[in-house]
Each structure stands twice: as C-alpha cells, then as structure tokens.
Amino acid sequence: MEPAEAEFLAEKELVTIVPNFSLDRIHLIGGDLGPFNPGLPVEVPVWLAINLKQRQKCRLIPPDWMDVGKLEEIRDQERKEDTFTPMPSPYYMELTKLLLNYASDNIPKADEIRTLVKDTWDTRIAKLRLSADSFVKQQEAHAKLDNLTLMEINTIGTFLTQALDHMYKLRSNLQPSEGARSQDF
Amino acid sequence: MSESYFPVGPGLGVEENFLSLDDILMSQEKLPGRAESSLPRLAFALGQGAGAGDSIPEGSKLEIPLWLAKGLHDSKRRIISMELPKIYREAWRTVFSADANVVDLHKMGPYYYGFGSQLLNFDNPENPEIAQTILQASDGAKLEFHWTFISRFRRIMDSSQNAYNEDTSALVARLDELERALFRAGQKGLNDFQCWEKGQASQITASSLVQNYGKRKFTDMDG
C-alpha cells in the first residue's frame, strides 16, 4: 500500500469546521452531512473540510489532541515505554500532514506541533525496527504489536515480508529432501 | 503509482524458478569438479584444448557452470563429480559463524544464497564414507545460510531505512544479489514515505517506462 492510499483512508476521519455559508442537509452515499449554518460548528469528513477550506468557505478547528501540551505528553510517554502507546488517532501522521499543510492558519503553534509529531513518529519507527530485528534474530513464529498505525506498517511492511519470505525458504532447505530429483531419459 | 513490472523472484530452494532472471544468471556461476570418465571431443566445448577433436581424459579437473553440472549429474552414469566451492566449506563457515557482517558477499559470487541452496540439494553421495560427512557438512552449510542471512538482516534494515538521498553504493557493495533486492525494497519504502511527506505523491509524473519509450522515439525522428 502506498502512503497516498493510507492518506486517502485517513480522509474519512471526522473533524470540526465552522462554515461561513449555509446549506441544507446533504445526503451522500456514505451518510448525511450538515446542515451547514454560518458560524455554527459542524462535523464533516476531512476530505470535505480540506475542500471547503481551499475554497475559503470554512474555518478548521484542530482536533483535541493537536495541542502542544498533549503532544508533548504523548511524545514523552512514547519515549518512556518499550511498547507502543495508543495514539490519539489511528491516522495521526496523515491528519497532521493534511491539516498543517492546508489549514496552518487555523492551528496555533503549527511548527511546534509538526516537530512534536515527527519526534513521536521517529521514536515509534525506531521501536518498530528494534522489534523486527529481535523477531528475526530469535526466529519467532509470530509477534504481536499493539497500537501500530497503518502508515508505520506501510513503511516497513514490504521489506519485512520479503525478508521473512527469504528466511522461510532458506529454513525449509534444512528439511531433508525426499527422493532425488533425477531424470532418467 | 504502483509498479508496472513485477520481476519473478529467485526460488531459494531445491528448484530454481524457471522464469526468474536472477536464477538464470545465478546458474551461470561455475563450480569445480572432475571428469569421472573420459569425454571424447568435448574439450573445446568445455573450454580446454584448442582442437575440435580433443577429448578430456578421465580424472581431469573442470570448471563448469551450474546448469551444465545439474544436467550432467547422474548417479548411474558417472560422467562428472562436483565438489563444493571453497566458500561453502568448513574454513569459510567458521568465518561466517564468527561474524557474518564483515564478509563481502558480493565478491564471494554475487548469488551466494541462491547458488548455495542449489548446490546443497544436488550433491550425490556415492561413496558411503564420504556420504555421512557430506550430509553433515551440507546440513551444517544449510544452517549457515540461514544464520548468515539472519545476522546480516539487521545491517541491511538499518542501512536501507536510513540512507535517504545519499550515495548508497558503498553500502550495497558488500551485499549479494538477494540482499540487494531486499535493500532496494527497504529504500523504496523509505523513499515513498519521504516523497509523500513532501507532498510529491500527489504530483503527476510520467511513468518510467513511457519516458524511456519517448527517448527512443525522439532519436528515431532526429536520426
């Protein structure tokens, strides 16, 4: 899966906006949205929020977790623990990138938030690599990792599955082969 | 966005993949052996002797490629007998068990794992005393591949996931082809992520296959 596909899935998450137009409730295949009244906050999916923001029809309200204090706490906890801590949103990386790219004027201290999220990401990726390495070294049969997000899995997924594939083939060579593959003409 | 060409990977075991380019190149690697019976008029074909009618006397040493060795290998008609190349023998195995990371696997034959897997599955223990040794030796060597791969895994993972936009030729110089493919997969994961983060993932770029096609067309028009 590409990062762009993970971003596409992340755009289904709901975020709060304050529109500056009015519109009745709209009925889409995925569900109903609205009604939109100027000045009243309403929850919409991120794809719509970004689109409205680009057309200057709304103001984005950052989600609760996108706040310097909270993110600092999350980052510190991630650094303390050996396992993965639950993230405030399963798409925190994608949402950070989208919201900070398109709506940084609506989000206070955008640069600090970007740095904090990047730090947390780096810590988690380092833990993931450590865990993959010990998995391979000890030749475990299966491993369980909680609280991983899709983007992190994507970054390491192809490499790890190919490596495990090769390991399996090399290990199955150890089984004695029954019957020589001889061809008699 | 996604790949337009999926290469067939090498079969790392008893059978090689017929359609895999890696396996085809790998089976060209030579191994040492000796002729068990005299081979009339084949000296030229096997690279020894100048005349077309020269024959190879019994017992002479030959270096033949793997595909030929597999074809000529037959327990009933003793045409040739093959030996393990030195890098798969005891001496090198102790080097690998000491520290697998320092060995330059590219120099050892760029298809170390693939070739080794093939070798150890077709040796033919005719002599009963040698048979036991070979079986143990080959089991030992099989374990060695497995272990070598595992110990080098960490190095490959770290270097592939951390070298962004740097010259990677120094890093891949010591990896054999199998590890290089893994390295490229790791790099691709990293590059895709970085490219997405910079926002380049949503830019439309020409596919690499079409670009090459386009270049050829221009030279046709010019020349």
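## Helix α4 of chain A

The buried residues of α4(A) are A:Y92, A:M93, A:E94, A:L95, A:T96, A:K97, A:L98, A:L99 and A:L100. In this predicted model, the helix spans residues 92-102 of chain A, and nine of its 11 residues are buried, so it is largely enclosed by the rest of the structure.

Within chain A, these buried residues pack against the helices α1 (3-10), α2 (46-54), α5 (110-137) and α6 (150-172), and against strand β5 (58-61). Chain B also takes part in this packing, through its helix α7 (177-198).

## Helix α4 of chain B

Chain B has its own helix α4, at residues 112-119. Eight of the eight residues of this helix are buried, so α4(B) is largely enclosed by the rest of the structure. They are B:Y112, B:Y113, B:G114, B:F115, B:G116, B:S117, B:Q118 and B:L119.

## Nonpolar cores

The largest nonpolar core contains 40 residues. Inside this core, the residues with the most contacts are A:I17, A:F36 and A:I113. Leaving aside residues up to four places away in sequence, A:F36 touches A:I17, A:P19, A:F21, A:S22, A:L23, A:I26, A:V42, A:V44 and A:L48. Another core, of 36 residues, lies apart from the largest one, and its members include A:A132, A:A163, B:M26 and B:Y88.

In soluble globular proteins, nonpolar side chains tend to be buried together.

## Chain B overall

Chain B has eight helices and three strands, which follow one another along the sequence as α-β-β-α-β-α-α-α-α-α-α. Of its 223 residues, 38% count as buried.

Among the contacts in chain B with a separation of 6 or more, 64% are between residues 24 or more positions apart.

## The sheet of chain B

The three strands of chain B form an open, antiparallel sheet in the order β2-β1-β3. The edges are taken by β2 (61-65) and β3 (80-82), each with a single partner strand, so one side of each is left without a neighbour in the sheet. From one strand to the next, the twist averages 45 degrees.

Strand β1 of chain B covers residues 30-35 and pairs with β3(B) in the antiparallel sense over three bridges. B:G33 has B:M82, in β3(B), as its bridge partner. Strands of a sheet pair through backbone hydrogen bonds, either parallel or antiparallel.

## Positive phi in two loops of chain A

Most residues other than glycine have a negative phi. A:Q56 is not a glycine, yet its phi is positive, at about 60 degrees. This residue sits in the loop between α2 and β5 of chain A. A:Q56 counts as exposed because its relative accessibility of 66% is over the 50% cut-off.

A:K109 also has a positive phi, near 55 degrees, in a residue other than glycine. The loop that holds A:K109 runs between α4 and α5 of chain A. The relative accessible area of A:K109 is 51%, so this residue is exposed by the same cut-off of over 50%.

## Annotated span in chain A

An unreviewed UniProt entry lists residues 3-61 of chain A as "domain: DNA replication complex GINS protein PSF2 N-terminal". In the model, this span is 29% helix and 34% strand, and its end C-alpha atoms lie 25 Å apart.

Key:
Residues are numbered from 1 along each chain as its sequence is written. Chains are lettered from A and ligands numbered from 1 in the order in which they are written. This is a predicted model: local features need pLDDT of at least 70, side-chain atom pairs count only at pLDDT 80 or more; totals for chains, interfaces and linings use all residues. Side-chain values use heavy atoms; hydrogens and water are left out. UniProt positions are given in the numbering used here, feature names are shortened, and annotations may be inferred rather than shown by experiment. Helices (H or I, at least four residues) and strands (E, at least two) are DSSP runs, numbered from the N terminus. A nonpolar core is a set of buried Ala, Val, Leu, Ile, Met, Phe, Trp, Tyr and Cys residues joined through side-chain atoms within 4.5 Å. Buried means under 20% relative accessible area, exposed over 50%, partly exposed in between (1.4 Å probe, protein chains only). Contact means heavy atoms within 4.5 Å. Two strands pair if DSSP finds at least two bridges between them. Axes are lines fitted to C-alpha atoms, for helices over the stretch in contact, and angles run from 0 to 180 degrees between N-to-C directions.
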